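The exercises below are to be worked with the sequence and the coordinates open. Each task is followed by a solution in steps.

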Amino acid sequence: MNAHVFKPDMPPPVKTVGVVAWMRANLFSSWVNTLLTFFAIYLVWLAVPPLLQWAFIDANWTGTTRADCTKEGACWVFVQQRFGQFMYGYYPSDLRWRVDLTVWLGVIGAAPLFIRRFPRKVAYGIGYLLVYPTVAYFLLHGGSFGLSQVPTSQWGGLMLTLVIATVGIAAALPLGILLALGRRSRMPVIKSVSVTFIEFWRGIPLITVLFMSSVMLPLFMPEGMSFDKLLRAMIFVILFESAYIAEVVRGGLQAIPKGQYEAASAMGLGYWRSMGLVILPQALKLVIPGIVNTFIALFKDTSLVIIIGLFDLLNSVRQATADPAWLGMATEGYVFAALVYWIFCFGMSRYSMHLERKLDTGHKR
Amino acid sequence: MKMLKTTLAVLTAAAALGATSFAQAGATLDAVKKKGFVQCGVSDGLPGFSVPDAKGNIVGIDADVCRAVAAAVFGDATKVKFSQLNAKERFTALQSGEVDVLSRNTTWTSSRDAGMGLVFAGVTYYDGIGFLVNKKLGVSSAKELDGATVCIQAGTTTELNVSDYFRANGLKYTPITFDTSDESAKSLESGRCDVLTSDKSQLYAQRSKLAAPTDYVVLPETISKEPLGPVVRKGDEEWFSIVKWTLFAMLNAEEAGLTSKNVEAEAKSGKNPDNARLLGADGEYGKDLKLPKDWVVQIVKQVGNYGEVFEKNLGKSTPLQIDRGLNALWNNGGIQYAPPVR
């Protein structure tokens, strides 16, 4: 008996592979789509070449003053000259190494958390969250260990944006989770306190909160006692964002089937252990996109501190454009600021997608 | 709504109490001497008035007024710290004691001078709302602007003043209000509006942003009075006098021809009796103000006389290129006039 021999596979028809086929399927599948494709190409052609011309081809890259910008395009010299201020604000230039060191310590310290097989990750993570903020505070603010003091009024630029955003994210997440649990609690006092808190902060715009904190609050304090502006801003950002996080997390909690709660109880787990071991890991995984979305919004919301006279990245840029020596450089400054914001927000968004893939276990069957 | 009103009323009353209860004569100077520097409120970025340079030093005429106060009090113009304040928080910062003097292109008005627990110490710059137009328009006076599209740089009082002016003169106009100076400058350049209006000092800054600044001209009319000056808390006359006379000293120095270059030599020679009094070589005029004998010498040497400060920050050598105009001395066609030191 002869064994059956399969014929070799035929290549797919020419019309279904390659660039042409892809374009047929995706760009020119009907006359409407063809029209839309050409319209989109026209729009790209309108926008991109002049932009490239302005930002790169005709741009001025070298020099020290406005007079060096002789070519038509963007004057990146302005951004170069003010780069230090955009990054560090008025942080004294001979002390800026302290900011750099803080950032590096943060990155290096956090690195083990991203190594999959690092032993005792949880303990390390908790230790990191306790030790690093303390170290960072002493490095940035100084005033002890032989470091000269740099008051927060001199902080600024991207550094200030990052300080507000990281503190906001790190504190708003746990607070938000607690609030979400509180809102689902069966205990009436805890429940009503959580609901009131969340609805209050969600009901008012952040900008009015910041505004009140800077215009009204000082009048109620005894003379000479000034409550640090940055601290004020951070507290209100945390309270505000935790309300949003709480609602996102609550969505996740509601999506967990009742059977999971019952199963956790049946195993003999108490409230905190059933939440910590069974419910929250599943719920938080579900709402990663929502949480990251809130964080990205928070990162961009930090620019609202302009209203209380803190010099974050955007305000530093705005202020630099008012320098008589560089009048008319607003476009370059704002394009640079947008680029920096985009890099951070895009980074967060990519990381959240990575997390979702990594944690996407159990629902794949 | 009613409850809200009551709450607001209580808050305002509390604010007013807080603002007035603690200002007492002598307190500010003592506090300033104790902490070793003058805390000065400036703007958060206004070309020529107060803006940080590349190194983060605040430069501008408003900032220099504060430096002069520091020079008078401490004999050292560097003993000043700046708080950069936006328009909304400036008065709170002064009322709450966060800053000792507010030198932030603030218009001197009756409501601010009398109603807010504040007092203006003088005028550093006589400003007013004006118009910037393209020369091609062929307009030489604001009266010819009938039917024009007017770009208004939003300010605290600009919109009101512009509409008052056009109504009073029976002119029709279409207003377009912008929040930032960059937007309004771009609109003028692109021809979206025929005329740009803002405080004159800012119009010069706007003009220097344009691609061809020489094609544009600031019309001669000034349609509102905007005297800008330093502000202090009400109730502390001693500190008020120091700030006021610092400004007068700068004006008197210019009038007497004393500059940062020649003031020391002049103080030593003591030939001119007027200068001798001003510079502390004759008499004890600093003592009345509780200032050192050589206070004027220190102001002029370290910061400059009024004319020098004006030229350095706003004048022909800067991109702003502002004429002295009203801000020239009284004997030179302007209205800057200081009482004498004697």
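Two residues are in contact if their C-beta atoms, placed from the backbone, lie within 7 Å. The model is a predicted one.

**Exercise 1.** Determine how many of the residues of helix α14 of chain B are buried, and which elements they pack against.

Solution. 
- Step 1. The cut-off for a buried residue is 20 or more other C-beta atoms within 10 Å of its own.
- Step 2. Helix α14 of chain B covers residues 306-313, and six of its eight residues are buried.
- Step 3. These buried residues are B:Y306, B:G307, B:E308, B:V309, B:F310 and B:N313.

**Exercise 2.** Compare the radius of gyration of chain B with the value from the globule rule.

Solution. 
- Step 1. Chain B contains 14 helices and 13 strands.
- Step 2. For 342 residues the globule rule gives 20 Å, and the radius of gyration of chain B is 21 Å.
- Step 3. The two values are close, so chain B is as compact as a globular protein of that length.
- Step 4. Along the principal axes, the C-alpha atoms of chain B fill a box of roughly 60 × 60 × 40 Å.
- Step 5. In chain B, 49% of the 342 residues count as buried.
- Step 6. Of the contacts in chain B with a separation of 6 or more, 72% are between residues 24 or more positions apart.

**Exercise 3.** Which element gives the most to the side of chain A that touches chain B?

Solution. 
- Step 1. The contact between the chains takes 27 residues from chain A and 34 residues from chain B.
- Step 2. In chain A, α3 (76-88), α8 (206-215) and α13 (313-320) each supply at least two residues of the side that touches chain B.
- Step 3. α3(A) gives the most, with three residues.
- Step 4. By type, this side of chain A has 13 nonpolar, 10 polar and four charged residues.

Methods: Residues are numbered from 1 along each chain as its sequence is written. Chains are lettered from A and ligands numbered from 1 in the order in which they are written. This is a predicted model: local features need pLDDT of at least 70, side-chain atom pairs count only at pLDDT 80 or more; totals for chains, interfaces and linings use all residues. Helices (H or I, at least four residues) and strands (E, at least two) are DSSP runs, numbered from the N terminus. Ala, Val, Leu, Ile, Met, Phe, Trp, Tyr, Cys and Pro count as nonpolar, Asp, Glu, Lys and Arg as charged, and the others, Gly among them, as polar. The radius of gyration is taken over C-alpha atoms; the globule rule is 2.2 Å times the number of residues to the power 0.38. A residue is buried if 20 or more other C-beta atoms lie within 10 Å of its own, exposed if 12 or fewer, and partly exposed in between; C-beta atoms are placed from the backbone.
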